[in-house]
Amino acid sequence: MNTRRLFQQMALDAFADGHNLIIQAPAGAGKTRAAIEPILKGWSKESYDSLPQKILYAAPLRALVNDIARAQSQNASQKSWRPYWHPRIQTGEQPDDPRLESQFIVTTVDQVLASALTLPYGLPRRQDNLNLGAVLGSYLVFDEFHLYPQQEMMLTVLALLKLFEGVCRFTLMSATFSQVFVRQLADYLGAKTIMDEPGTPIDQGIFRDVSNIQTQCRTWQAHDAPLSAEAILDLRGRRTLVVCNTVARAQALYHAVRQQQPRLNVRLLHAQFYRSDRQVIEAFLSGFEQQDDALLIATQVVEVGLDISSDVLLTECATASSLIQRAGRCARREDQSGRVHVFLPRDEAGQPDFTPYDQDGDDVRAICERTWEALNDPRLQGQVVRTHDEQWLIEQAHGPSDALFMRDLHIQVEQRMNDLIRNWANRDDSVLGLIRKQGTVPLYVCAAPNDDPIMSRTPQQCESFGFRRARLARFFNEVQEQGVDLPFVLCGCDGQAMAQDEDVEDERGATYYRWQPIRSSSDIYRGGYLWFVVHPQAVQYDERGLILAPSQVGQAAKPSPQMSQRTTASYSYQSDTYVEHIGGLYRAYTNYRQARYADELSRVPALYEFAYPMRRLCQRLGKSYDEAERLMRLIIALHDVGKLNKPWQAWAQAWQAHYVAAERLPRVTDPTVPLAHTDYDPRSDKPLRDQFKHAARGPHAVESAEACYKLLLSVSQDKDLVRAALVAIMHHHAPDADSCGSFQAIDRAADYVDEALRVCGFSEAERCTLPSIQASFSRSSIVGKWARDIQPMRGNYAAVLFYYVFVRTLRLCDQRSSNFLESEG
């Protein structure tokens, strides 16, 4: 039986007492279990509205995401977790859950923050308002917090936690916090620390029952020379790990070692491999500790998450926190001994070269310099380094910078909070710079992206590589200077999805993307492009991974493969009546749904995700949760009233008649009932649609809000809640919808609305007290103003959070409604 360790029990108890946590524990102690177990225990015992019903476990590196998800999937199988708890991965490389629908999602910090900034990666822009509500209502675990760039990612995380204070729960974790940082941060966030007091002997502290930490023995040695193939071959042991700071240096060292020792059992691992090739390398790593002569050359991807133990580590100097993480992959097991060799990288001029760390600012370079100085101190040089020695290294290298960062933390966080609030009001892609100063962008490999059915429709389904724009610009200029004759070197896409047909207003409507050739390197910065494609002949791909250099003639790089578990996006509709559609939404709101095939998600009711954040928001702002929940059901019942418009129904019935005339079989055969959707499959019905001539049906979302606002006001006089509810209806297909057309209700519209209210749980007595919808209007008289009024401002930003919870719940139910319709029929 896997006994719970002392510090894990302390975390469990503190979480149960309502505390948010900051956990500092040595590598290999079991931090992940300490963070996850409390919420799983809570789900087993507590009601759905008393705890967050979603874990967003965020790591700074994709490699760590994959390792954590793999380990937790094994836990789920071994411990027979409920199907809803099984972890899903959401990264740019493996976007299994872009809408953040699962209960347990392992993802990158970049993905979480982009969603919180209402610019979610991997979703069309018309779904920008979908994911903020998920972040707000989640238990947020931020792992390896020390790796976050302080002035960008770290400040943005802290601002988010302050903005969501009293609503979301969180845990911050690292092995390498400095004392000044962790103490002041805990005070600022009101979190409880799980850590040893400074100077506590390891056998007397809270980790005294973690046996591998007690017996590990690592000797550190600093070498004032660059890491070379000769040094690797001279110092290697039975199992040797080499860690470089850049992909290019790792590739060069791998090539040099192979040249000198072609039969050596050596592998290369970094982020620029396709998944299938990386899986081959990972298979090698699974038997790494059983081999007698194994060598792995890698980059920072091995710093966290990788559970291997070498007897020799050779690494380039980096920040102290990164070095300690790398050292955690040497002599990792109980009673093991190992040697850690740290080399000083230099540039062509012979100066210390801390790339890529020095690209994050002068302060990070100073940390690297202080790290190197401390490594040469007699306390560490040539000595066995224990946990308390590693903490001393952290204090020497990071302490001064952390003290400076914490000195005016509250001012910096306040400024960042304002940045976030402004972006909620006016979304701007430049705000992604608040995540990483020089963040990476996806790079795909494809010869004709506009003609490729996947790259033009759902490029996120293909594997990509992450590169900084500066590196792509340098590469572009290099290829241009070589005069390579290609149709293009790079293309860019701004991520704006364009409508394929009228059904774009529906959640499942088809869209496509347009790729534009890059004409100059300045386009990479100023063209507004979020994604890039490189021509296969402009790059190389071999056992070293992707190399930004033109291929030899006839040796084009392998194009980006489609992710193996995902299929080309397609959509189709079955007709359903207006009342059936509302019933499908309400069942999605209240019912569980089990996965029916491998790639489908098992889902808890949308109500479970709605209830916790809405209840906490209401408590925080002095609102009535019962009133907010009634409004949510009213939103579901009324969100498509705009489809009861005479032009909309005339178009729908005319299309159905055209469909039947072409000897198609409709699902709904009664032409007298109003429809919410018509029968249509673009794979077979596109020619039929092209032949169909009829006046446009027009939009319906803003019209729904205008027709129904009096009903919402009759349920609640709280303007914050009603505004949020109305704008959720307006924006349930697009976050910027504000144009309202004319409306003329069909005959018996009031009866259909009454039936929709009934299926959403409103009693006959309640329905009798509600006013009717507006039967007709020529233009919007009020909802446009209310949409403007809901824009968040510093003094009342929390009220807009109601909107994000309402709109997420509505859009999820809308997307899932057809599943419940299918389950009935």
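Trainee: Which is Arg748, buried or exposed?
Mentor: This is a predicted model, where local features need pLDDT of at least 70 and side-chain atom pairs count only at pLDDT 80 or more, while totals for chains, interfaces and linings use all residues. Residues are numbered from 1 along each chain as its sequence is written, and side-chain values use heavy atoms, without hydrogens and water. Buried means under 20% relative accessible area, exposed over 50%, and partly exposed in between, with a 1.4 Å probe and protein chains only. The relative accessible area of Arg748 is 53%, so Arg748 is exposed.

Trainee: Where does Arg748 lie?
Mentor: Helices (H or I, at least four residues) and strands (E, at least two) are DSSP runs, numbered from the N terminus. Arg748 is not a glycine, yet has a positive phi of about 65°. Arg748 is in the loop between strand 25 (743-744) and helix 25 (749-759).

Trainee: Leu100 is not a glycine but has a positive phi; is Leu100 buried or exposed?
Mentor: The phi of Leu100 is about 55°, and the residue lies in the loop between strand 3 (88-90) and strand 4 (104-108). Its relative accessibility is 4%, so Leu100 counts as buried.

Trainee: Which residues does a cis peptide bond join?
Mentor: The bond has an omega of about 5°. The cis bond joins Thr355 and Pro356.

Trainee: How many disulfides does a search of the whole structure find?
Mentor: A disulfide here is a pair of cysteine sulfur atoms within 2.5 Å. The sulfur of Cys217 is too far for a bond, because the closest cysteine sulfur, in Cys330, is 9.8 Å away. Cys708 is in no disulfide either, with the nearest cysteine sulfur, that of Cys740, 11 Å away. The number of disulfides found is zero.

Trainee: Which residues of helix 7 does helix 6 meet?
Mentor: Contact means heavy atoms within 4.5 Å. From helix 6 come Gln150, Met154, Leu158, Leu161 and Lys162. In helix 7 they meet Phe181, Leu185, Tyr188 and Leu189.
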